[in-house]
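I opened the model to look up a few local features. My notes follow, entry by entry.

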Amino acid sequence: MAEKHFKYVILGGGVSAGYAAREFSKQGVKPGELAIISKEHVAPYERPALSKAYLFPEVRPTSGAGFARLPGFHVCVGSGGERLLPEWYKEKGIELILGTEIVKADIPTKSLTSAAGETFTYDVLIIATGSTVIRLTDFKVAGADAKNIFYLREIEDADHLVEALKAKKGGKAVVVGGGYIGLELSAVLRLNNLDVTMVYPEPWCMPRLFTAGIAAFYEGYYKKKGVNIIKGTVAVGFGSHDNGEVKDVKLKDGRVLDADIVVVGVGGRPLITLFKGQVEEEKGGIKTDAFFKTSVPDVYAVGDVATFPLKLFGDIRRVEHVDHARKSAEQAVKAIKVSEEGKGIEEYDYLPYFYSRSFDLSWQFYGDNVGETVLFGDSDIESPTHKFGSYWIKDGKVVGAFLESGTPDENKAIAKVAKLQPPVNSLELLEKEGLGFASKI
């Protein structure tokens, strides 16, 4: 097969790829210089929609809001930007090479080889391969290969789940995992009128971020919405019908849960296998500088795969979130273009940001969740407003802030607090002031 050469290649077709392409266009990339190689069959899209509006019933009983479908959520609508349809890439002379899995990357020769035997060469590579889900079959959990056990990462996964929701209306769903995916999927399955049970081993949901106090609100709220929660145990096996479809979930504590659908959300891992031994790694990702340059010239890594300097905290970290996927991609492209011109740009100065929406809830978090905590506001599940939050205080300074049901201005205020890290003299006073503390900064 003939070899294809591009000046710039983005490997991966997720959020980072779309935002990088937009930045390349802003920077004046010429037709034919840039290619995106993706194993998915669609142009880059805003992945968070898959666990939210993509799975909504066609008409939501509470608001009448419709569900999401492509082309509605192609990048860059998630950040309020232009929607980049496949035609946009064509107009800009950016080659979208879809449905193409790269099975070998040879950095010394600057070449990539596809499963079909095609060879692509480049001058500059951006690794934007993202993460893959951790599967229970990886741990040889008995029966974990049964039909109707779902994982959610790509649009194809969501399509399969949508079909199952239609086929199993009013059925029983078990969600394995109490993190991001577990919480968002449990909510959306309830919206589809399934009987939902969440199962997770930790003492409370979302333990990587939530304190026990924050989690108590969400667990209570979910129970009020009809989600059953089982904590402190794990799925150790699955039974199936004669047709191969899952029929139950066996728990370590001996309980057996009937199930027509199982959704597993137990974490992910960065897709960096292709580059093992070819680039420097750290903390489970590819080590980069503040411009997302790796240890190898002309190779950059962005999004989930990058372990980068987090200037605000004087640390190096890997961040799995759509906000960082967007911003790191833009930073890398700017760095590539200015380096060609012999100029420089400012270092990446990222404020960690996470958010989620489920039912009629919506929370945002900024900063770092370390140190002592102060819970403030109204976290009563019966409250009509349920506006509450938390601050994290380390070395006498606020380093992190969380807010449920904040207005845009209130969310900006907690972001500012996390960025500026103001001093705190009294935790009692901070609890009393609550959101007022952030609003006056």
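**Entry 1: two hairpins.** I began with β4 and β5, which form a hairpin with 4 residues between them. In that turn K110 has a positive phi of about 50°. Strands here are DSSP E runs of at least two residues and helices are H or I runs of at least four, numbered from the N terminus. β4 covers residues 102–106, β5 covers residues 111–114, and the two pair in the antiparallel sense over 4 bridges. I count strands as paired if DSSP finds at least two bridges between them. A105 stands opposite L112 in β5.

I then followed β5 onward. β5 and β6 also form a hairpin, with 4 residues between them, and G117 in the turn has a positive phi of about 90°. β6 spans residues 119–127 and pairs with β5 in the antiparallel sense over 3 bridges. S111 stands opposite T121 in β6.

**Entry 2: ground rules.** Residues are numbered from 1 along each chain as its sequence is written, and side-chain values use heavy atoms, with hydrogens and water left out. The model is predicted: local features need pLDDT of at least 70, side-chain atom pairs count only at pLDDT 80 or more, and totals for chains, interfaces and linings use all residues.

**Entry 3: helix α4.** Is α4 largely enclosed or open? I found 9 of its 12 residues buried, so α4 is largely enclosed by the rest of the structure. Buried means under 20% relative accessible area, exposed over 50%, and partly exposed in between, with a 1.4 Å probe and protein chains only. The buried residues include G182, L183, E184 and L185. They pack against α3 (155–167), β9 (172–176), β10 (195–200), α5, β15 (261–264) and β22. From first C-alpha to last, α4 reaches 17 Å, close to the 16 Å expected at 1.5 Å a residue. The expected span is 1.5 Å times one less than the number of residues. Just after α4, N193 takes a positive phi of about 65°.

**Entry 4: L55.** L55 sits in the loop between β2 (34–37) and α2 (86–92). At 2% relative accessibility, L55 counts as buried. L55 and L191 are 136 residues apart in sequence, yet 9.0 Å apart in space, C-alpha to C-alpha. I listed the contacts of L55 (heavy atoms within 4.5 Å). Leaving aside neighbours within four places in sequence, they include L152, A158, L185 and V188.

**Entry 5: the cavity.** How many cavities of 30 Å³ or more are in the whole structure? My search found 1. A cavity is a set of points on a 1 Å grid over the protein atoms alone where a 1.4 Å probe fits but cannot get out; a pocket is an open set with protein on both sides within 12 Å along at least five of seven lines; lining residues have an atom within 4 Å of a point. The largest cavity has a volume of about 50 Å³. Volume is the space filled by probe spheres set on the points, which are joined across faces, edges and corners. Among the residues lining this cavity are Y180, L183, F210 and W363. By class, the lining has 7 nonpolar, 2 polar and no charged residues. Ala, Val, Leu, Ile, Met, Phe, Trp, Tyr, Cys and Pro count as nonpolar, Asp, Glu, Lys and Arg as charged, and the others, Gly among them, as polar.

**Entry 6: the second largest pocket.** Its volume is about 420 Å³. I found 24 lining residues, of which P48, A49, K52, Y355 and R357 lie nearest the centre. The lining divides into 13 nonpolar, 5 polar and 6 charged residues.

**Entry 7: helix α7 and Q421.** The 13 residues of α7 (residues 408–420) should span 18 Å, and the end C-alpha atoms are 18 Å apart, which agrees. The buried residues of α7 pack against β23 (361–367), β25 (388–394), β26 (397–404) and α9 (435–439). Q421 follows α7. Q421 has a positive phi of about 50° although it is not a glycine. At 14% relative accessibility, Q421 counts as buried.

**Entry 8: cis bonds.** Most residues other than glycine have a negative phi, and most peptide bonds are trans. The bond from L70 to P71 is cis, with omega near 15°. The bond from V75 to C76 is cis, with omega near 15°.
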